[in-house]
Amino acid sequence: MSDPHHEHDETHGREHGAPLGDTELRVKALESLLFDKGLVDPAALDRLIDTYETKVGPRNGARVVARAWADPAYKKRLLEDATAAIAELGFAGRGGEHMVVLENTPKVHNLVVCTLCSCYPWPVLGLPPVWYKSAPYRSRAVIDPRGVLREFGLDLAEDVEIRVWDSTAELRYLVLPERPAGTEAMSEEELAALVTRDAMIGVARVEAPPR
Amino acid sequence: MNGIHDLGGMHGMGPAVREENEPVFHREWERRAFALTLAAGALGKWNLDMSRYAREQMPPAEYLSTSYYEHWLYGLELLLAEHGLVTGEQIEARLAGETGGRVRDQRPPEGVRVLRAADVDELLRQGRSARVAEDIQPRFKPGDRVVAREIHPVGHTRLPRYVRGRHGAIDRDHGVFVFPDTHAMGQGKKPQHCYSVRFAARELWGAQASPRDAVYADLWDDYLDPA
């Protein structure tokens with residue numbers, strides 16, 4: 001199988017392909033049963049999938065971050081009432097009912113995790129990547145954030161305070177990364193293009209564009 | 001429950017491995033398992049806390065050796081069976097290729113509203129707020145010192161083991177929310193305040209942790225005592 005996730009994920013514990021075929025068949029069986037019982041509408045399933053594959057994703061969050069960088073009044077609203085400020089840009093709803101934005105500064109670095117499951121701000125970041133939902137990140141982000149960040153290529157100085165936010169309730173967290181130097185002349189659209197999913201989870205910084 | 005899902009602070013799980021240009025779904029069955037879970041949830045037979053609790057009941061060895069959407073599938077099957085909508089026997093029969101008694105477009109049971117494509121956008125836009133519009137007094141205010149209760153409920157809880165018995169401070173009050181421990185067990189919403197509680201990393205992990213770092217967890221009144 002050419003599934004990159006299963007090739008890379010050593011903790012996954014399954015032989016490539018073998019039992020996955022069973023899961024595939026089981027999902028098909030369940031879907032056909034639910035359809036026969038009139039409990040699901042296949043067109044609704046397609047619509048749900050299409051929404052999260054093509055419409056909702058980290059580009060939404062990047063627009064929020066770029067707006068906050070470009071507009072101090074917006075940034076103030078975003079830090080005071082993130083749900084309302086994010087809704088101004090049209091992003092709201094499932095998985096983002098109660099948003100909190102955490103501002104990174106030269107002295108404070110925020111990192112988001114869900115140790116108990118996979119809570120993640122869907123309207124602004126889409127569905128979470130596999131690593132975010134997997135045991136290695138969930139187990140270690142709280143006990144060894146500096147080690148985890150180093151694995152992501154981010155080595156923070158000892159005098160930077162790391163705040164790890166464990167999403168144990170219905171609050172959903174979005175990190176507002178530091179605006180990189182040398183971006184003063186950039187438009188909001190150009191700024192948004194610099195912002196990555198990882199920076200909005202807190203496992204990366206936003207890099208300045210190459211000169 | 002003191003389940004395997006409560007992973008915070010465990011060792012031995014290996015490095016976090018980031019996949020470059022990761023797709024939203026890796027396989028077709030993941031797409032279907034995701035959408036089936038949301039569509040079945042929209043039937044209104046169970047709440048989000050019940051969904052989480054269902055996934056937590058996967059046997060620990062199986063939880064660690066399966067992928068994320070297999071956890072979802074396990075939870076979905078459990079909820080469908082508990083609510084009498086699809087039984088495990090029916091799934092096994094369908095897997096065995098038995099299609100006897102198959103009736104297409106059968107009407108759903110009384111009182112069940114089926115999610116239609118035209119309603120998907122509105123369902124997602126509305127979300128499902130767990131905030132409760134009730135005027136309930138908070139037990140704590142920002143700055144208060146608290147200790148997380150040393151409790152071990154056998155049902156669902158969102159109080160991670162790694163903070164139990166540990167001292168922290170209220171960072172902010174998020175307002176009144178549904179209490180998951182009762183909501184997941186069908187015992188009502190028991191609305192109460194939920195707070196971000198700041199725990200110093202050294203309070204949780206001892207001298208090995210950085211003296212500057214902290215972990216914030218969102219905790220309800222019923223998880224906390226004054227310290």
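**Two chains, their contact and a few residues worth a look**

With 16 C-beta neighbours inside 10 Å, B:K190 counts as partly exposed; the label covers residues between the two cut-offs, buried being 20 or more other C-beta atoms within 10 Å of a residue's own and exposed 12 or fewer, with C-beta atoms placed from the backbone. B:K190 sits in the loop between α7 (180–183) and β3 (192–200) of chain B, and has a positive phi of about 40 degrees although it is not a glycine. The model is a predicted one, in which local features need pLDDT of at least 70 and side-chain atom pairs count only at pLDDT 80 or more, while totals for chains, interfaces and linings use all residues. Residues are numbered from 1 along each chain as its sequence is written, and chains are lettered from A and ligands numbered from 1 in the order in which they are written.

B:N21 also has a positive phi, near 50 degrees, and is likewise a residue other than glycine. B:N21 belongs to the segment before α1 of chain B and counts as exposed, because 5 C-beta neighbours lie inside 10 Å.

Now for the chains themselves. Chain B has 8 helices and 5 strands, where helices (H or I, at least four residues) and strands (E, at least two) are DSSP runs, numbered from the N terminus. From the N terminus on, the order in chain B is α-α-α-α-α-α-β-β-α-β-α-β-β. The C-alpha atoms of chain B fill a box of roughly 65 × 45 × 35 Å along the principal axes, and 38% of the 227 residues in chain B are buried. Of the chain B contacts with a separation of 6 or more, 66% are between residues 24 or more positions apart; a contact here is a pair of residues whose C-beta atoms, placed from the backbone, lie within 7 Å.

Chain A has 12 helices and 4 strands. The box for its C-alpha atoms, again along the principal axes, is roughly 55 × 35 × 35 Å. Buried residues make up 51% of the 211 residues of chain A. Among chain A contacts between residues at least 6 apart in sequence, 70% join residues at least 24 apart.

Where the two chains meet, chain B puts in 79 residues and chain A 75 residues. On the side of chain B that touches chain A, the elements giving two or more residues include α1, α3 (60–65), α5 (88–95), β2 (167–177) and β4 (214–220) of chain B. The largest share of that side, 10 residues, comes from α1(B). Sorted by class, the side of chain B that touches chain A has 42 nonpolar, 14 polar and 23 charged residues, with Ala, Val, Leu, Ile, Met, Phe, Trp, Tyr, Cys and Pro taken as nonpolar, Asp, Glu, Lys and Arg as charged, and the others, Gly among them, as polar.

One helix pair spans the two chains. The axes of helix α3 (residues 42–55) of chain A and helix α6 (residues 117–126) of chain B come within 8 Å and cross at roughly 40 degrees. These axes are lines fitted to C-alpha atoms, for helices over the stretch in contact, and angles run from 0 to 180 degrees between N-to-C directions. α3(A) and α6(B) are therefore oblique to each other; under 35 degrees counts as roughly parallel, over 145 as roughly antiparallel, 65 to 115 as roughly perpendicular and the rest as oblique. A:A43, A:A44, A:R47, A:L48 and A:T51 of α3(A) make the contact with B:A117, B:V120 and B:L124 of α6(B). By class, that comes to 6 nonpolar, 1 polar and 1 charged residues.

Within chain B, helix α2 (residues 48–56) and helix α4 (residues 68–82) pack at about 110 degrees, with axes 8 Å apart. α2(B) and α4(B) are therefore roughly perpendicular to each other. On the α2(B) side the residues are B:M50, B:S51, B:A54 and B:R55, and they meet B:H71, B:W72, B:Y74, B:G75, B:L78 and B:L79 in α4(B). The contact of α2(B) with α4(B) has 6 nonpolar, 3 polar and 1 charged residues.

Finally, A:C119 lies in the loop between β2 (108–113) and α7 (122–125) of chain A. A:C119 is buried, with 25 other C-beta atoms within 10 Å. Neighbours within four places in sequence aside, A:C119 is in contact with A:C114, A:S167 and A:R172.
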